[in-house]
Amino acid sequence: MSQPQILLVDDDRHVLDSMGMWLREIGYTVTTSPGYQDAVAQLAEHKFDLVLADVRLQDGDGFELLRHIRKAQPELTVILITGYGTADDAVEAIRLGAFDMLTKPLIDRELEMAISRALSQRQVLAENEKLKEQLDLRYGLENIIGHDHRMLKIFDMVDSVADTRATILITGESGTGKSLLARAIHRRSNRREKPFVEVACGALPESLLESELFGHVAGSFTGATTDKLGKFKQADTGSIFLDEIGTAPQSMQVKLLRVLQELQFEPVGGNTTISIDTRVILATNENLANLVERGTFRQDLFYRVNVINLELPPLRQRMTDIPRLANHFLEEVRQDTGRQIRGFTEEAISALQRYQWPGNVRELQNVVERSVLLSKNEMIGPGELPAAIASGAPVSVQRTNGRTLKEALEAPERQIILETLESNGWNRNLTADELGINRTTLYKKMKRLGLEDLAGVHH
C-alpha cells in the first residue's frame, strides 16, 4: 500500500522543516507549503490524503484554506493547528468541515493519533462509497436484464415514478424478479440513502404479521414482554416492500389502507398514533381483482394500491432476453467460482429458448449455476442442461375445458409467431421464411391472434 500523502501548511519555516521531517520518519509522504496561495496551487497540482494547516498564515488563514478545500475537494480531510485557539474556534472549525483542531505546543503522540484517526475515517468513507456503488450495480435498474419491449416500457415507468411518493404495485408470476425491481425502484429514487425494508407477508403467520409491520407495546399479547418497533417505522423516510400482499388477512388490510391514505397507525395494543414518511411498494403473483370478487381482498384497498401497476412478463413471453440473461448469470457464477467457462453453444441457447420456464428468471438462474458447476467443457452444450430442457420439451398446453382443438392451439401458436417476430426484429418477410409459411398466411394469423397491434408499436 502506498504511503499517505500529507500537505503541511505553516508560515514558520522552522516548524515546517522539523514537523515535515518527523512526519516522514513515521511513514508519511509530506509536501510542505509556506502559505495560503502556495497551498492552493499545490492542491490544484497534486493529490493529497490529508491537509495539516496552521490557522495563522501571512497571506491568509487556515479557515480560509478550509473553506477553499470544502468547495474544491470536499472529500479531502483537514486538520487545523493553532497556537491561540478557543473552544469557539474549535466548534467553528468542525462546523466548517475540519476533522479536528489541535492546539500548540503539539505533543508528538497526540498529533500522530489525530492523523491516524483522520486517515482511518477517510478510508471508511471511501469503503462506504464503494459499497454504495456495488449496491447500485447489484440492485440498480441497470442490473435488470431486458431488451424486450415490455421490459423497456417498465424501465421507462420506473424512471417516471421513482422519485414520487406514489404507491407501486408490482405483479407477475413467481420468479419474474419482483423483489429485484422493488429494490431498483428504491435505488433509483431520492430515498436511496434511506432504509429499504422488505417483508414477505406470506411467510409470516397471521397472528404475527400485524405486529411485524406496525410493532406492538409490551403486554399487548402473550410473549410481548417489550415494545417492538414495526417495519413501517423502521422504513421511515425510506421504502417498504410488501411481497405477497394478496395473502394479507382482512384485519391487517384495514390498517394498511389507513397507512397508505394518512401515513399513520397505532402499534398493536397501543393508543399512541405514529406518523411516518414511508414509500410503499407492494407485489403479488395473484390476481387481486379476482381476490376482490371472492371477498378475500378489500375493494377499497385494491383501488388504493392499484394506482401504478408494473406487470412483469413471464420469461416465456420474452424469449429474446434469454441469451442475455443466461450470459449474465454465467458471468456471475464465473466470478464467484473461478470456473473457466466461455459461454453457451448455439444448440444450448436454442434449447433454453424452446423451454417454457415455469419458474421464470429464478429457474433460469438456477439452471445456469448448475450447468456451470457440472460442466467439464469450455462451452456449455445441451448435455450440461437438465434433461427436460435439453430434450426440447414441447410447449405445454392446458386442458381444453370444452374448447375446440383450434382454440386450444391458439395460445402456443401465438407464442411461437410472437417469439419469431421478436427474434427477427418484427420483419415479417424473415419471420414467414423462418416459419415456412407465405407472407399472406402470416398476416392472417397475426390479425387473428391479435398481433397486429403489437406490430404497430415496433414501426
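A search of the whole structure, which is a predicted model, identified one cavity of 30 Å³ or more. The space within the largest cavity amounts to about 30 Å³. Its lining is formed by Leu8, Val9, Asp10, Val15, Met19, Leu52, Ala53, Asp54 and Ile81. Strand E1 (5-9), helix H1 (13-25) and strand E3 (50-54) are the elements that each give two or more residues to this lining. Strand E3 provides the largest share, with three residues. In terms of residue class, seven of the lining residues are nonpolar and two are charged, whereas no polar residue takes part.

At the level of overall organisation, the protein chain is divided into four parts: domain 1 (5-132), domain 2 (140-313), domain 3 (316-391) and domain 4 (405-449). The centres of domain 2 and domain 4, taken over C-alpha atoms, are separated by 40 Å.

Helix packing was examined for helix H18 (residues 428-435) and helix H19 (residues 439-448). Two packed helices are described by the angle between their axes and the distance between the axes. For H18 and H19, the angle is about 100° and the axes lie 9 Å apart. Angles of 65 to 115 degrees count as roughly perpendicular, and H18 and H19 are therefore roughly perpendicular to each other. On the H18 side, the contact is made by Arg428, Asn429, Thr431, Ala432 and Leu435, while H19 contributes Arg439, Leu442, Tyr443 and Met446. Classification of the residues in the contact of H18 with H19 gives five nonpolar, two polar and two charged.

Terms used: Residues numbered from 1 in each chain as written. Predicted model: local features only at pLDDT ≥ 70, side-chain atom pairs only at ≥ 80, totals over all residues. Heavy atoms only, no water. Axes fitted to C-alpha atoms, helices over the stretch in contact; angles between N-to-C directions. Helix = DSSP H or I, 4+ residues; strand = E, 2+ residues; numbered from the N terminus. Parallel < 35°, antiparallel > 145°, perpendicular 65-115°, else oblique. Contact = heavy atoms within 4.5 Å. Nonpolar A, V, L, I, M, F, W, Y, C, P; charged D, E, K, R; others polar. Domains from an automatic or database assignment. 1 Å grid on protein atoms, 1.4 Å probe; cavity = no way out; pocket = protein on both sides within 12 Å on 5 of 7 lines; lining within 4 Å. Points joined across faces, edges and corners; volume = space filled by probe spheres on them.
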